[in-house]
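I wrote each entry as I went.

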Amino acid sequence: MSVLDSKIPKGPLKDKWTTYKDKINLVNPANKRNIDVIVVGTGLAGGSAAATLAELGYRVKAFCYQDSPRRAHSIAAQGGINAAKNYQGDGDSTYRLFYDTVKGGDYRSREANVYRLAEVSANIIDQCVAQGVPFARDYGGLLDNRSFGGVLVSRTFYAKGQTGQQLLLGAYSAMNRQIARGKIEMYNRHEMLDVVKVNGKARGIIARNLVTGEIERHSAHAVVIASGGYGNVYFLSTNAMGSNATAAWKIHKKGAFFANPCYTQIHPTCIPRSGDYQSKLTLMSESLRNDGRIWVPKNMEDVLAIREGKLKPTQLSEDQRDYYLERRYPAFGNLVPRDVASRAAKERCDAGYGVNATGEAVYLDFKSAIERYGLEQAKIHGIQNASKEKITALGEAVVEEKYGNLFQMYEKIVDENPYKTPMMIYPATHYTMGGVWVDYNLMTTVEGLYCIGEANFSDHGANRLGASALMQGLADGYFVLPYTIGDYLSHEIRTGKIPTDSPEFDAAEKEVTERINFFVNNKGTHSVDYFHKRLGKVMWDKCGMSRNAQGLKEAIAEIKAIREEFYKEVKVPGSANEMNPELEKAGRVADFLELGELFAKDALMREESCGGHFREESVEIDGEQKGEAKRNDKDYAFVAAWEYKGEPSDAVLHKEQLEFKDIELKQRSYK
Amino acid sequence: MNLTLKIWRQKGPQDKGKMVDYKVTEISEHMSFLEMMDVLNEQLTNKGEEPVAFDHDCREGICGMCSMYINGEAHGPDRGVTTCQLHMRMFKDGDTITIEPFRAKAFPVIKDLVVDRSSFDRIQQAGGYISVNTSGNTQDANAIPIDKHSADTAMDAATCIGCGACVASCKNSSAMLFVGAKVSQYALLPQGRVEATDRVKNMVAQMDLEGFGNCTNTGACEVECPKGISLENIARMNREFFSASIKG
Amino acid sequence: MSGFLNSSIGRKYTMALSAFFLMIFILQHFAINILSVLSPDTFNETSHFMGTNALVQYGLQPVLLFGVVYHFVMGFVLEIKNKNARAIKYAKNNGAANSTWMSRNMIWSGGFILVFLIIHFVDFWFPEINTKYIQGDMSGLLADGEGYRYYEELVHKFEPIWRVALYCIGFIFLSLHLLHGFSSAFQSVGANNKYVKGLKGFGKAYAVLIPLGFIFIALFHHFNH
């Protein structure tokens, strides 16, 4: 028996959540008023959880490092949110959403959690509409849907290309209502730097006021971590500059197991890096692949000529182009899942066919789509013998209506007109499926310590489907955690206020203060970013889209070396008692330098290819699937939960075996 | 390219602050403005000086955190962009660029270019929400059809990122575009109508309390708004406020 | 209602309402003045009517005075308040990039109009009040009793070139004020949507033509006498 107890309720999959909710312990309203809950992070998961817990009557303290909860990086999600509403009558159902999510996650997620997610998905849409989220509607006034991520139904609700923003502002408005009522105490520009455990239970946090530098103690009966993913371990990612793993990593060091760190999603359609100064990568919605065709030149001479600026991509004829996705995956073509598309781009660029100066870019071409739409429009408008220019103009208008804002964004950044010349794209780190291990209640291996949203590992397995991140964040925050946390808090009604002058708080604060003092007093020679960039390069080269044993071993050694150098040589200007962005970064990068090593260790352990984790040693050797990822269900159908034991290299692996009772495990095929 | 930067430096909220000149060299035209600032900060850190503090986060124009007044305009000379989306190709080699924090009494400076915009949060807390609890039993999302035009107009208003460029650009430091956008979003949706009267009154009262100036319809906010929020939203708020006041 | 009047938006409304009243008044003023060009007799009769009608004198005139005083006082009050909303000014501000000169300088155009208005009062309104209510001469006749005095007085005033120049400058400022003020007043009362798009053009025409008309009248009398 593993030390991990996932606490999945008994009974048929379909009834688990309902039956469980019926039997769960509740806290009476009078007692809720005396119970404190801390929520760290105010994105979709944290914001919705804080608001809902406050509505229920708990006293909530919410923390975010930004200047307002509204700025959490959930805001940047573009495409949409999935929900099994079946408004389009195209055969969608809770089961189908569940099935697609498990399959998309390459059978590495927990059935019961995913089913619950699919079950509450419909409620999310109802709730958000009631909150005033302006989802897109059709002319009949009903909600519109689009299809997304290659699934067979249209279940994605959207608000232009800013769905994440609108959903976050919805959660933020729900929070505002509770802040105004005094039920949420909001701590903006605060960063959690440690969790405090008393008698094995999470009882509070140590936070730094980022404006004054003051170290503060906050106590509570339960602590909820909703601090997002750790994609910035790569330095360059589509995450926000401030996105960090510190809260998640600190709780890991205090006893919360960290699960599947190697599961990372590399998104195929991002704007390529243009130089070493680059600070972040910008995502372009996946929907572009619905109409864009991806290619690189067939001949190396053309590649070189393009790089030198002697040749324009538009000058290459069809037979000089290699539409490699269409060539390799005739059935799905340009619409293969994210992980497959990303790896294929990397394969071409590694072979030397990258089309920009850095050699890391492929073309996404809308010429065919513009022509196709143009002809269609000419027919609709009854234009006989339309000229080539007319067809192009008509086609461009259609493309503009569909992707106008993305095209404009691209032009602003790259300074090229994507209507006239193909876009350049390259994959970038986007989302981390791995995270803090949680049970069915979303509680970590530390009692009273919960983890929700991207920060936990629970629902996406080894790969996340498009438009599912928003769904999970809000499901956890609005509909799951508020129930399950009550079960735990029902035992806390006699505890009384948690004092902050206990030895445990003293010790935690001392640890935090010492670390901060170390950084500001360390008279090193290099900035924090210098080390972060080096870590990022190792991660990208050796723990990126494809991994092998040798590279991972090297990565482990290199990260350890960078970490040691970091502690010797890092330079943090300014003092501890003021706003000090460099100091904030130093703490975050220190944690990434540990997390990165565990990441590589996890990737080395998992000798199979699944979802976002591709091991070069584990590919199909022959047959139709030759060269494609090969999963190993016999040996690796488990969640790898790591226990902290000092150095990342000493981490102990605990396995949570995954059981699939309602779904048959299959190899994914897109040929 | 090589540039001279004139940057507002202010140690803390109580400090007087002043403009300080810096030189940066070898700036690529493909850099974003904030990446140029990163170069400057790396340079300062290596020299042992304190880097320039500035707010930034998503660096893709949606979080609303970045807030610089560049050469006399909020988010700089380009249109429809935030500072993080402003690219150095908008400038020429040898240019002198003046960089200041967003200025308004309701946005006090915390440090250098970082300002406190919590007044915006307090305005939202005064009524920028619909009073609905999370129950899982709210009526079906399609129970009330909303005509497409209203839904789209509400969405246009809702795209506000709360950056404060409207306040910074307004010669009166007025927050009416921000408040107008939020009032409009809810006023246009049937779900928001229920509380419309109290909402507009409470939000406007809070706005006035925070010390923002009064709108004189110069339209600078609309031009500088990175999301192109229309002045029509202010007009709508004015109508809403008038009818709310008559209702008492 | 006192809450409304003390709120930022309430004050916008009252500024706009007083502006509407003043714009209608100016139109009416122009309509009567242009009679002095077209038909001195009609001008005299209309002037006498306006100057002696009880409703105009005791009803509309105080309202007008209140409107003028309110618009100026509130304009200055708001300007001070707005200036105070930004304690530290920008070292570099490029207002021209996002707004018109007129919209940013309403306080200056308004200030010059006030100066002009004072002169205008000294020229016309004070003598009128003096004649009618202090000396008690409500006849509206010239000193020799030969016909009405209004046209003669008007023509007489526009003899010196300096006064004509002053009036022209005053009206240029009025035009600048109206170029922003007209549509601004509509925006303030919430009239900005697809139904009132045409108003903008009308406002521009009003802002240019009316002051131009006044200037024409002044020049006409100066050069014709």
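This is a predicted model: local features need pLDDT of at least 70, side-chain atom pairs count only at pLDDT 80 or more; totals for chains, interfaces and linings use all residues.

**Entry 1. A helix pair in chain B.**

Which residues meet where α3(B) and α5(B) pack? From α3(B) I listed B:Ala154, B:Ala157 and B:Ala158. Facing them from α5(B) are B:Ala181, B:Ser184 and B:Gln185. Sorted by class, this contact of α3(B) with α5(B) has four nonpolar residues, two polar ones and no charged ones.

**Entry 2. Chain B as a whole.** I then stepped back to the chain that holds this pair. Chain B has nine helices and seven strands. Along the principal axes, its C-alpha atoms fill a box of roughly 60 × 35 × 35 Å. I checked burial next: of the 248 residues in chain B, 61% are buried. For contacts in chain B between residues at least 6 apart in sequence, I noted that 70% join residues at least 24 apart.

**Entry 3. Which chains touch.** I wanted to know how the chains are arranged against one another. Two pairs of chains are in contact, and chains A and B share the most contacts. Chain A and chain C do not touch, and their nearest C-alpha atoms are 20 Å apart.

**Entry 4. Chain B against chain A.** I took this pair of chains and looked up both sides. Here 67 residues of chain B are in contact with 65 residues of chain A. On the chain B side, the elements giving two or more residues are α1 (33-47), β6 (109-111), α2 (118-125), α3 (148-158), α5 (176-187) and α6 (190-193). By class, the chain B side has 25 nonpolar, 26 polar and 16 charged residues.

**Entry 5. Chain C against chain B.** I repeated the search for the other contact. It takes 35 residues from chain C and 39 residues from chain B. On the chain C side, α2 (8-38), α4 (54-84), α5 (101-104) and α8 (161-188) each supply at least two residues. I noted α2(C) as the element that gives the most, with five residues. The residues on this side of chain C divide into 13 nonpolar, 16 polar and six charged.

**Entry 6. Chain C as a whole.** I counted elements and found nine helices and zero strands in chain C. The C-alpha atoms of chain C fill a box of roughly 65 × 40 × 40 Å, taken along the principal axes. Of the 225 residues in chain C, 27% are buried. I also looked at contacts in chain C with a separation of 6 or more, and residues 24 or more positions apart account for 77% of them.

**Entry 7. A sheet in chain A.** I looked for the strand order of an open sheet of five strands in chain A. The order is β11-β15-β14-β12-β13, and the pairing is antiparallel. Which strands are at the edges? I found β11 (264-270) and β13 (321-322) of chain A, each of which pairs on one side only. I followed β11(A) to its partner, strand β15 (residues 423-432) of chain A, and the two pair in the antiparallel sense over five bridges. In β15(A), A:Tyr426 is the bridge partner of A:Cys270.

**Entry 8. One glycine in chain A.** I ended on A:Gly213, in the loop between β7 (201-209) and β8 (215-219) of chain A. Is A:Gly213 buried or partly exposed? It has 17 other C-beta atoms within 10 Å and so is partly exposed. Setting aside its neighbours within four places in sequence, I listed its contacts as A:Arg208, A:Ala576, A:Asn577, A:Glu578 and A:Asn580. I also looked up A:Leu583, which is 370 residues from A:Gly213 in sequence and 9.9 Å from it in space, C-alpha to C-alpha.

Technical notes. Residues are numbered from 1 along each chain as its sequence is written. Chains are lettered from A and ligands numbered from 1 in the order in which they are written. Helices (H or I, at least four residues) and strands (E, at least two) are DSSP runs, numbered from the N terminus. A residue is buried if 20 or more other C-beta atoms lie within 10 Å of its own, exposed if 12 or fewer, and partly exposed in between; C-beta atoms are placed from the backbone. Two residues are in contact if their C-beta atoms, placed from the backbone, lie within 7 Å. Ala, Val, Leu, Ile, Met, Phe, Trp, Tyr, Cys and Pro count as nonpolar, Asp, Glu, Lys and Arg as charged, and the others, Gly among them, as polar. Two strands pair if DSSP finds at least two bridges between them.
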